[in-house]
Amino acid sequence: MPWGLRMLLMFALAGGLFQLYVARKTITALSTVTGWPKRRVRLTAIAVAVWIILYPLLMVGGYYFGFDQVPQAFQRADLIRDALFTYPFWIGVIFAIQVSLLFLIMDVARLLLFPLYKKHKVQWLKVQSLIVIALAVVGVVYVAARIYSDTFTLRTRETELRVKNLPAELDGFRIVQIADVQADGRTNGSKLQRYVDLVNRLEADIVLFGGDLVTGGTDYIEIGAQAMSKMEAKYGVYACLGDHDFFSNSEKVSRSLKENSITLLDNAVNLVPVGSTHIALTGITNTYRTRLTTSTLEAVERGRPQGPVNILLTHQPSEWLVDYAAEHHYDLFVAGHTHGGQIVFPLPGFLLTGSSFETRYVTGFYKAGDMLVSINNGLGLTLAPIRYQAPAEVTVITLRPAQ
């Protein structure tokens, strides 16, 4: 089974557990408050649940029964198909998880106050039912509004990198970091142009692209590369390859990037001259299809000249690779791949999202020793056609001398 279908099936199964939990609580609450027959409410909930799961059923069923055109059709943007099947599924999963987290708080409170709950059980159940209905209504509104906002938002995230003994010519040097363009039927045209326009307004000295030019196939390779070619940077645009570039056609992606004046770094070092000084930029290919080995890194390291500023550019922010870069005196580690989680539920001290189970470097800025780690949310979409609490972004890192 293709990766996308496996991930979709996992989301459907995990989401189903949350949906069952929310449905049971909501059915009981509605029956308690309104007096409606529980059977009627339950049948309505079942009908809604069947509608929500039609999307993964059609996708997986089409694959298993040999109707490959079904999953292929759902991967293409289509307003009616998306409105009837795709969006209801993803909104349903997100709503169930988000509201479940709130319901769990209520259940924990009941356990902690169990003696009081037992004494006033009848009154508690009525109050609880009202709270459940209120949370469900607020949850629907919040989730829908947040999905819409985050899916169409393109933000800028900025920070400064303080470097010891920074040459004066590099003071104020602006690094613009992007990732996961993932040009496809949903990310093209005006969306790509808006991305390019934002990058160009930031007046970059250098642009670093963390891979995934396209989502899949070869139809959008040139479209994505041409968009990249419009990005303006005083000292050039540099890129590495990502997972979806290999899922698509890595040779065509590489050729198209080079033909559009993008410097591709595949386990290689490039010295970027800046006046009388330079920046040492290392591009490492770290994807599912090309698992990085220490021998490859050691070969790159043997030929790597040190610079006043040393940057490692890669796609996947694997924890061991971050540690390696910090140990070998890089100043900055930049990557993408995670999409910032794309669908994220912030918990105290932890981001509940698929990417968190792969790496602790999910979104934003981190410190690994003296090295700054910057993970960009990217532009495009993978698996789900929406974002939730992880909007697309462009990152700006300005070099400053350490004080």
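Predicted model: local features only at pLDDT ≥ 70, side-chain atom pairs only at ≥ 80, totals over all residues.
Select glycine 216, which sits in the loop between strand β3 and helix α8 (221-229), helices here being DSSP runs of H or I with at least four residues and strands runs of E with at least two, numbered from the N terminus. With 35% relative accessibility, glycine 216 counts as partly exposed, a class that lies between buried (under 20% relative accessible area) and exposed (over 50%), for a 1.4 Å probe and protein chains only.

Residues are numbered from 1 along each chain as its sequence is written, and side-chain values use heavy atoms, without hydrogens and water.

Next, colour the sheet. Its 6 strands follow the order β1-β14-β2-β3-β4-β5 in an open sheet of mixed pairing, where two strands pair if DSSP finds at least two bridges between them. Strands β1 and β5 (263-264) stand at the edges with a single partner strand each, so one side of each has no neighbour in the sheet.

Now select strand β14 (residues 392-401), which is largely enclosed by the rest of the structure because 8 of its 10 residues are buried. Strand β1 (residues 154-163) runs parallel to β14 and is joined to it by 10 bridges; leucine 154 stands opposite alanine 392, and threonine 156 has valine 394 as its bridge partner. Strand β2 (residues 174-178) pairs with β14 in the antiparallel sense over 4 bridges, with valine 176 partnered by valine 396.

Then show helix α7 (residues 189-201), which lies across β1, β2, β3 (206-209) and β14 and runs at about 35 degrees to β1.

Finally, move to helix α1 (residues 3-34) and helix α4 (residues 79-112), whose axes come within 8 Å and cross at roughly 50 degrees; axes are lines fitted to C-alpha atoms, for helices over the stretch in contact, and angles run from 0 to 180 degrees between N-to-C directions. Residues in contact (heavy atoms within 4.5 Å) include Phe11, Phe18 and Tyr21 in α1, and Trp90, Phe95 and Phe103 in α4. The residues of this contact divide into 15 nonpolar, 5 polar and 2 charged, where Ala, Val, Leu, Ile, Met, Phe, Trp, Tyr, Cys and Pro count as nonpolar, Asp, Glu, Lys and Arg as charged, and the others, Gly among them, as polar.
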